[in-house]
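Please study the sequence and the structure shown here before reading on. The paragraphs that follow lead from one region to the next.

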Amino acid sequence: MPSYVMQGCVLPSRVLNGLDRINRNFIRGSTEEEKRMHLVNWGKVTKPKAKGGLGLQEAKGRNLALVAKLCWRMESSNIAKWAEVLKIKYRRRAEPSKRAKSRIWAAVTKGIRVCEKGTKWSIGSNSNLSFWNDKWLNTGTIRSLIEGPLIRGEEELLRIILTQRGIAGLGGCDVCLSVCEDILHVLRDCHAAKVFGNSARCPQTLLNSFTFDLESWITANAKSLLKAESRDYPWCTFFLLGIWNLGLHRNLRVFKQQAVNPCLLRTVEMQVREYFYCVKGLGDNKSNTSKEVRWLKLGSGWLKLNMDGYVVGDSGIAGCGGLIRDTAELFALREGLALCVELQAQAVEVELDASAAISLISRNFTTNGDLSVLVDDCRDFLLQLPQARMIHCYREANCYADALAKLGATSSSGCNCFESPPPIVTLFLLADSLGTARTRVVPFVACNSSS
């Protein structure tokens, strides 16, 4: 009962002490009339069970944890009205108000201190966080970890200080001692990069590109169709693997203090030949074959559920379609499974041409991504069916579901259930009922036979 009140306000100390006293008396068997001897200190009783306690929580700590949770809910909620009201009322004022604040806001301000200690920013793509002043490390902000009034030119001053203290890799190039160590310097202008470049077999027509800027230099060499001088491999492949190895060896030299590889040229040449032998060669010799694909009828008592999804280009408009026959991408699958559960189907076989969706649902661990709700719904519906199995099929055997998905993408009426097939799938259903096969080109796989 006190936990409900603790979620929305900070209780006074006398109330918290009273709650602890009630718990102590209950554990020790004390009453107002009879006081029992305290055989174990209360501080030991409130320790976790792993440390020899009973795992009971002190009222003050529990109250603080609950108001911190309230603060976290407000900060992480974008649609809750109560959080929006509190932010507008107390945060958008130019000056702090002298009027008494609500108990909820007082609890939020108390919980902010706990949240700030236990939270940090998670850096993603196109992040606008401040490297110095935002907390993205467990230890705090970078600025708080550095002593001294670094206001202007903090980055350059930090480089000088770290270099003076013998920390390599941040004060400039450790090979040629150049002050500016940018990407172009590491890949081309450094002494180590020049030694590698002079020994490489660069075509004569591309030598002038080594005076270009970074983007033009990489583009000219990476798109070249010429072969390396007196070598049988393309120069572009050697160039890309070469600059990748230069950057890799620079990081190994700076952060792991590894010596410069004297055989870097030979290493890159071996990587180029390995690429053409193991990757490129297989692609050139790969052959395809034709395969007849058709929709297959199931046995008696089974329903077959065919699903598909469709997206209209980059417009964000999508549709899903499905078909249940009494011969028995995640939105489509969920709607189809829900329909099977509604029809109280006893045995269902689900066919999709999206192997990724089947793999996502079949895996035995919880997903936390944007599709987690859809995945959980599909798994729940599958558990409600007495017999269910999911298999992958080719698109040629799923034409009717594909047509329904395209119809759904162009429809503005939401979800539609058809008692009879629409004209757009009539021909596909007729072809399937006649057992008509469609041709699909698939990779040829040779099977070794043994006597």
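Helices and strands are here DSSP runs, helices of at least four residues and strands of at least two, numbered from the N terminus. The model is a predicted one. In this numbering, Leu56 belongs to the loop that lies between α3 (42-45) and α4 (59-76). Leu56 counts as partly exposed, because its relative accessibility is 31%. Together with Phe26, Ile27 and Leu54, Leu56 forms a nonpolar patch on the surface, and the accessible area of these residues together is about 410 Å².

The next region concerns a pair of helices. Two packed helices are described by the distance between their axes and by the angle between them. Helix α5 (residues 81-91) and helix α6 (residues 103-118) have axes that come within 11 Å and cross at roughly 85°. Angles of 65 to 115 degrees count as roughly perpendicular, and α5 is therefore roughly perpendicular to α6. On the side of α5 the contact is made by Leu86, Tyr90 and Arg91, and on the side of α6 by Ile104, Trp105 and Ile112.

Attention now turns to the backbone. Most residues other than glycine have a negative phi. Ser230, which is not a glycine, has a positive phi of about 55°. Ser230 is placed in the loop between α11 (214-222) and α12 (235-255), and it counts as exposed because its relative accessibility is 58%. Gln344 is likewise not a glycine and has a positive phi of about 55°. The loop between α14 (331-342) and β4 (347-352) holds Gln344, which is exposed at a relative accessible area of 63%.

The salt bridges complete this account. How many salt bridges does a search of the whole structure find? The search finds six. One of them joins the side chains of Asp189 and Arg188, at 3.2 Å from N to O. Asp189 is partly exposed, with a relative accessible area of 33%, whereas Arg188 is buried, with 10%.

Another salt bridge joins the side chains of Asp232 and Arg273, at 3.1 Å from N to O. Asp232 lies in the loop between α11 and α12 and Arg273 in helix α13 (residues 264-284), so this pair ties together parts that are 41 residues apart in sequence.

Asp377 and Arg334 also form a salt bridge, with their closest N and O atoms 3.2 Å apart. Because Asp377 lies in helix α16 (residues 372-384) and Arg334 in helix α14, the pair ties together parts that are 43 residues apart in sequence. Arg334 and Asp377 are linked with Glu335 in a network of salt bridges.

Notes:
Residues numbered from 1 in each chain as written. Predicted model: local features only at pLDDT ≥ 70, side-chain atom pairs only at ≥ 80, totals over all residues. Heavy atoms only, no water. Patch = residues over 30% accessible without salt bridge, like charges linked within 9 Å, V, L, I, M, F, W, Y side chains within 5 Å. Areas by Shrake-Rupley, 256 points an atom, 1.4 Å probe, with all protein chains shown as cover. Salt bridge = Lys/Arg side-chain N within 4 Å of Asp/Glu carboxyl O. Buried < 20%, exposed > 50% of the residue type's maximum accessible area, 1.4 Å probe, protein only. Axes fitted to C-alpha atoms, helices over the stretch in contact; angles between N-to-C directions. Parallel < 35°, antiparallel > 145°, perpendicular 65-115°, else oblique. Contact = heavy atoms within 4.5 Å.
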